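Biologist: I would like a close look at one part of this model. Please keep the answer connected and the terms clear.

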Amino acid sequence: MTSETPVGPVRWYKGAGSQRTHFYSEVPKEGDKNDPQVTWTVENPTVNYSMTVRDVTVNDTGEYYCVKYTKADEEKPYTSGPGINLTVKAKNVTIIGPPGRVKVGEVLELQCHANKDATFMWLKNGEAIPQDHFTTASNGALHTSRLTLQTEKGDIRSAVQCVQGKNEQQRMSEAFNLSSVITVMPRLQIQGSPDTRNRSSGKYSCRVDGFYPEDILVSWTLGKLNISACCEKAQSNNDGTFSTTCHITIALAKISSGAMLQCHAAKNLTIIGPPGRVKVGEVLELQCHSNKDATFMWLKNGEAIPQDHFTTASNGALHTSRLTLQTEKGDIRSAVQCVQGKNEQQRMSEAFNLSSVITVMPRLQIQGSPDTRNRSLGKYSCRVDGFYPEDVLVSWTLGKLNISACCEKAQSNNDGTFSTTCHITIVLAKISSGAVLQCHAGYRDHC
């Protein structure tokens, strides 16, 4: 714009004609809303109305138009820019980690998705991982390799790489730092002695050694009584872990009464999911626990979740935020993040992949025809489409009779769900007797 342009609002739109939707403006009209990814490039613009779009995804691909209106008529465009095309290409190779952290010694699974070809190689710290540690499957243009690894303490400083492609010059790769999903639990040692200034009380310290990540939660109990403690700032060790010491002062009479004094350690920020899986369309509740402060923020796929979706409560040093979300099919590939802390430099966060608690029920379709070799028999197939997770249970019934079936290996779909086909051969006379042939699909926790 120029300084001579009439006073009035400037609005950005995505798409043209009937496909046009409001994208961003200073004050959106009633019914319009701003995309949360967008801000003005220049604060309080008067001439330069450029916008900045953060965290772009493939869905942001499109043509964008800047339209100027006048104060006299805010409905009729005064002038419009020629439009600008934005193209966002998806990464060809993507590694997906587990829904939460894995303790050292447990098995970790990583998935690598690619759309070039089904030739995969995995490396750990630059060295090839044996092929018996991973499997590969394809569904059309989508190829997936699943890697399983026994975790160890040294993995704090390990990186795993997924390399895809036959031609060495055209290979693509993606790296994954295991520190983002590894938990090392600490060694605990209690030491104590009488307070030299007051012989009726004792000073006790709990040495918390070799933990990772840094956000450890240390607590004391005396029998059933919780005791608040003062912990020193965690110090980093040469192996990448951390150590700290936590102190308490307590009346010796309480200990001599027979109550046991114990020191406990756990992660400082923890997300707890529901006790079982949740069907798409149902409401999911997640809890985030912390002992820092009661300032919480929740993100879904990097975007802030409105505050009316969660509540926060405190009980002493324990702070809990409860989030409720309406689940949808796309949540198979969604991650929720709990961010805690007022100070941006000292904020802590924990991620939770919704795929670990989401169930997508399948669509079922039965098809059948006579057996060409034996007209008294019928061959029937049940197409089981769009389910998640992979371990679906498929069964057949003919009236009250259960019939065993043979199911093909499940194939992965582009949207993250799976599909399979299950077959039976049955005497046609049984069906003509009026009994209804049905195909059923579900999961153990839903059956």
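How many bridges pair strand β8 with β10, and in which sense do the two strands run?

Modeller: This is a predicted model, in which local features need pLDDT of at least 70 and side-chain atom pairs count only at pLDDT 80 or more, while totals for chains, interfaces and linings use all residues. Residues are numbered from 1 along each chain as its sequence is written, and side-chain values use heavy atoms, with hydrogens and water left out.

Four bridges link β8 (residues 93–96) to β10, and the pairing is antiparallel. Strands here are DSSP runs of E, at least two residues long, and helices are runs of H or I, at least four long; both are numbered from the N terminus. Two strands pair if DSSP finds at least two bridges between them.

Look at single residues next. Val 93 has Ala 114 of β10 as its bridge partner. β10 also runs antiparallel to β14 (residues 142–150), joined by eight bridges. There, His 113 sits opposite Thr 144 of β14.

Now the surroundings. Strand β10 covers residues 107–114, and six of its eight residues are buried, so the rest of the structure largely encloses it. Buried means under 20% relative accessible area, exposed over 50%, and partly exposed in between, with a 1.4 Å probe and protein chains only.

Finally, the whole chain. Of its 447 residues, 38% are buried. Its secondary structure comes to two helices and 43 strands. Take contacts (heavy atoms within 4.5 Å). Among those between residues at least 6 apart in sequence, 61% join residues at least 24 apart.
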